[in-house]
Structures are given as C-alpha cells and as structure tokens.
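The sequence and the structure are shown first, and the account follows.

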Amino acid sequence: MELAHARTNKTSAAGPARVGISGMASYLPPFSVELEDWCTWADDSWPKVNAVVGSAFRVRSPNENAYTMAATAVLRLIQRYDIDPASVGMLALGTESSTDNSAGAVLVRGMLDVALPELDLPPLARACEVPEFKHACLGGMYALKAAARYLQTDGYGRKAIVVCSDIAEYRRGSSGEPTQGAGAVAMLVDNDCDLLSFDVALSGSSSAYRGPDFRKPLSRFVGQGDSAFAQPRDFPVVNGKYSTTCYLEAALTAGKDLFARLEGSPARWMRQLAMVYLHRPYQRMADNGLAYLYLLALAQGDDADLTELAAMAEETGVDLATLQDELTGNTDLATLLAEGQLTAELYPATSAVAKRLLKSEVFSTLTTRHGSDSMRQVGNLYTASLPAWMAAGLEQAATATEDLTGRELLAAGYGSGDAAELMVMRFGPGWRSAARQLAFASDLGEATALDRETYERLHDGADVPTPVRSGVFVIDRIGDGSAAFDDTGIEYYRYLA
C-alpha cells in the first residue's frame, strides 16, 4: 500500500537524505528481582502479576546510574558495529533519571573519551553535539527524531548515536513496585540505515498537559539520606488509573495524526505491518495501546472497517455511535480532572470492545511476539523500554527464515505527562546482518537474583556487594568539596576494563 506524504524524495547537496538505524546495543544491570519471589514477599497474586506485568525486573547496583549504563551501552555499540568515534557528530541522551540538572550526555561522552584510548580507539570528535532529551519515557523517541533531522541537514554524512537510559523505581508497597526496572539501549543512526529506515514526515505526534499524571518534583529529595554514592531515591508521584487513561488517550491522538498521513484504510495498513512495538511499562499496557489503535483505525476506515467495528460492538453489547465518539473525539483530561468530572472510566465502550479484541484471532495477527519473553525478564526501562523490545525482537527475527526486507514496522513511544510519538520504519536490505549483531540475549546475560533482605536494603539506598564485572562504567566516588576546587556532589566515574 502506498503511503501519503511518506515517500517525498528529499535530497541534499551530498545526495539523498535517507536516515535510519544501523545498529543497537544494550546494557542491563547485574541484579534482578524474580516476581514470583516478590509476590510471596508482598502477598500478591503471582498468576495475575505474571500475566499482566512479567516475570522479573532488573535493579541497578549502588555504583550505577543512568549515565554509567548509557556509557556502557554506547561503548558496546561502537565496538560491536566498528564505529569510528571521530565520525559521530551527535551523541543524544534520552532519560528521566538524570542526577545532574546541568550536564547530561556530555557525562556519557566524558566516560567514553577515557575508555576509548584504553581500547586503542580515538575519542569522539570535539565537533559533537551532546543534547539530553527529557519527557518521561518519550525522551528517547524525541532524541531519535532530532538525530534524524540532524542527519538530514547540517550533519548529513556523519553519524549520530542515541542512547536511552533509565531507572524505574517505585516505593515499596506501591502498585508500581512490580513494574520497576533499569537499563540502557544505544542506537546508531546514520544515512546508511542498514537495519531500519524512517521518514520523520511519516509520524504521528500528540501532547497535552496532564497535571499529576506522573511527576518527579525535586522537592521529593528533601531530607533523603546519602549512600556512599549519594544516589537519590527517585520515586515518582504517580496516579495509576489516571496514568493509564493518559497513555491510551495520547496513543489515540497520535494515531489520528499518523492515520491522516496514510492513503487508504489505516486498519488494512496495520494488518500488513511486519511488527508493532509500543512503549511497555508492563505487558498489558502495551497490549491495550495496540488494541485501542486498531479500533481507532477501524473507526476511521472504509465501509468494510466500519462493518468490522460494528460487529465487535454488537458482540460486546455496546452502542456503536458511543464507541465511535470515544475513539474519534477530543478529550481535555486536565480540565476534566480539575473540574472533578474524571471519576469513572473515560472509554467504557472502547475498553469493553478492546477486551474482546485482545482474545481474538485478529489481535494475535497484529501483536508482535518477537522479543516479548526477554522483556518479561527486565521490567520497565522507561525511555529504554521501547528500543529494548525492538532490539530483542529484531535479533529474534534475524534467526527466522522470513525475509522482512522492505516491510514496515510501527514504533509507538509514550511519555507520561503526556505526549506520544508514532514512527513508521522500513526494514533495509541489510537488516538481517545488522540484527544478528544486536546480541540482546547476550546483553541480557545472567543476573543475580536478590533475596528479600538484600532487595529491600538496596531499594532503600544501602550499599550491597556488587558482582565483579568488566567492560562497564561505574561511579567511582562523589566529590565532597574538599578539593582545591568545589566539587560538592559531582560524580567521578571509572571504566572497569
């Protein structure tokens, strides 16, 4: 199917401004919590948690943070794909776990510039942009679009690296506790697009202020104690049911923007996609997001699509007109919340039909299973959740016989608070070779399962023994202001060769 506005032949003086992803590499910390064990500690239902959330989540060690994990992932990317560091003109970091309100990606660059010479590699070019992007879990997608725009303009012919790195932590005893996680994923973005190409003109966006959806005000840190590595406990202010509604509303709004750029039936287009990956704070949330997008596609489709939607509505016992209004209408959640009107399910008809859709053969053909088992073991990685699932899935797809060259993939990112981005990507002719170098299964590696006492001590900010590792970056110490210059609170890093 031809896609409207998607094939504009943009060119630069140097040639066609193609852009895409040519490689990915990941880092996951050495500790994990098995959710079956956690359910015993928390007196929760293991069958329910296993079905809705997953089987485990990763936990960072005391001497790790978003920057060290990002640096490790980028170094693996450089080595794995034989990247000349001097060719990198942008190093962009997407995170919501910053521990410095001034510096960002330059901290990752600093670690790399120390380690690269030790590996007989040159440092990154001085003419390298180092932006950090923050918008909850969407920062990495914003960084990816910025890298694409850079490579299509003044950075044409160079390379960009986008790294997503985050630590998802929730208070013990909260509903979010089993959805924790930590990790980083780095992506090589260039004009070769060996793995996936994309056109930023074929994307969908949405944003709206959502008040207390999911916030991290700095006032939370007042009175916190310090560990040897001065790690703040970054527990968010979160309202679960409201946040779920925000996710679904943002996905629908971005879907409207994307579907308006397509020719023909958006539902038929969705059914021919090779893969669909959505931001997944947990498995069921991604499933619901996909179901809502497909129902929207039907509501905006042709006569056959509307017939399919009407059949679902009839079988579920909901009014078709109400269902269509929910899917295609515009909603101001912040105003509804402020006026006290958001007291019930915002999408009751859509929710009922979506539950039916999730159990259907149609949904089984829409959903992407590649990489799902791996993601069940790592938990919520915030900005890194979407690219991690893609990396795991693409590596698994590379071992199958199906040739995906030229087929399309939909990547749907979301950031609480609230914004969403949908991007359409196309498999390149060298996708299989590039995907085989992803090594996500290797990066997943073996993790040390924590017992209850060690997990709780680590979660509460205590130092615990860390496994000996190599090829990673860690926090070496924290400045205390006693040096000849003021370095109070500044983190010093070390590369473990």
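## Cavities

A cavity is a set of grid points where a 1.4 Å probe fits but cannot get out, and its lining residues have an atom within 4 Å of a point. The model described here is predicted. The structure holds 7 cavities of 30 Å³ or more. The largest cavity has a volume of about 110 Å³, and 14 residues line it. Val-59, Arg-60, Glu-169, Gln-180 and His-459 are the lining residues nearest its centre. Two or more residues of this lining come from each of β5 (56-59), β8 (159-168), β9 (181-190) and α18 (452-459). By class, the lining of the largest cavity comprises 7 nonpolar, 3 polar and 4 charged residues.

For the second largest cavity the volume is about 80 Å³. Its lining consists of 13 residues, and those nearest the centre are Gly-140, Met-141, Thr-383, Leu-386 and Pro-387. Here the elements giving two or more residues are α5 (139-151), α15 (385-398) and β14 (408-415). The lining of the second largest cavity has 9 nonpolar and 4 polar residues, with no charged residues.

In soluble globular proteins, nonpolar side chains tend to be buried together. In this model the largest nonpolar core has 141 residues, of which Met-24, Met-270, Leu-394, Leu-409 and Met-425 touch the most other members. Helix α8 (residues 283-299) supplies the largest share of this core, with 12 residues. Another core, of 14 residues, lies apart from it and includes Phe-31, Cys-39, Val-49 and Val-464.

The surroundings of Leu-409 can be followed in detail. Neighbours within four places in sequence aside, Leu-409 is in contact with Leu-196, Leu-273, Met-275, Tyr-277, Met-390, Leu-394, Met-423, Val-424, Met-425 and Phe-427.

## The setting of Tyr-81

Tyr-81 belongs to the loop between α3 (66-80) and β6 (88-94). Is this residue, Tyr-81, buried or exposed? Tyr-81 counts as buried because its relative accessibility is 12%, and the limit for buried is under 20%.

Beyond residues up to four places away in sequence, Tyr-81 touches Ser-22, Gly-23, Met-24, Ala-434, Gln-437 and Leu-438. Leu-458 lies 377 residues from Tyr-81 along the chain, and the C-alpha atoms of the two are separated by 35 Å.

Methods
Residues are numbered from 1 along each chain as its sequence is written. This is a predicted model: local features need pLDDT of at least 70, side-chain atom pairs count only at pLDDT 80 or more; totals for chains, interfaces and linings use all residues. Side-chain values use heavy atoms; hydrogens and water are left out. Helices (H or I, at least four residues) and strands (E, at least two) are DSSP runs, numbered from the N terminus. Buried means under 20% relative accessible area, exposed over 50%, partly exposed in between (1.4 Å probe, protein chains only). Contact means heavy atoms within 4.5 Å. On a 1 Å grid over the protein atoms alone, a cavity is a set of points where a 1.4 Å probe fits but cannot get out, and a pocket is an open set with protein on both sides within 12 Å along at least five of seven lines; lining residues have an atom within 4 Å of a point. Grid points are joined across faces, edges and corners, and a volume is the space filled by probe spheres set on the points. Ala, Val, Leu, Ile, Met, Phe, Trp, Tyr, Cys and Pro count as nonpolar, Asp, Glu, Lys and Arg as charged, and the others, Gly among them, as polar. A nonpolar core is a set of buried Ala, Val, Leu, Ile, Met, Phe, Trp, Tyr and Cys residues joined through side-chain atoms within 4.5 Å.
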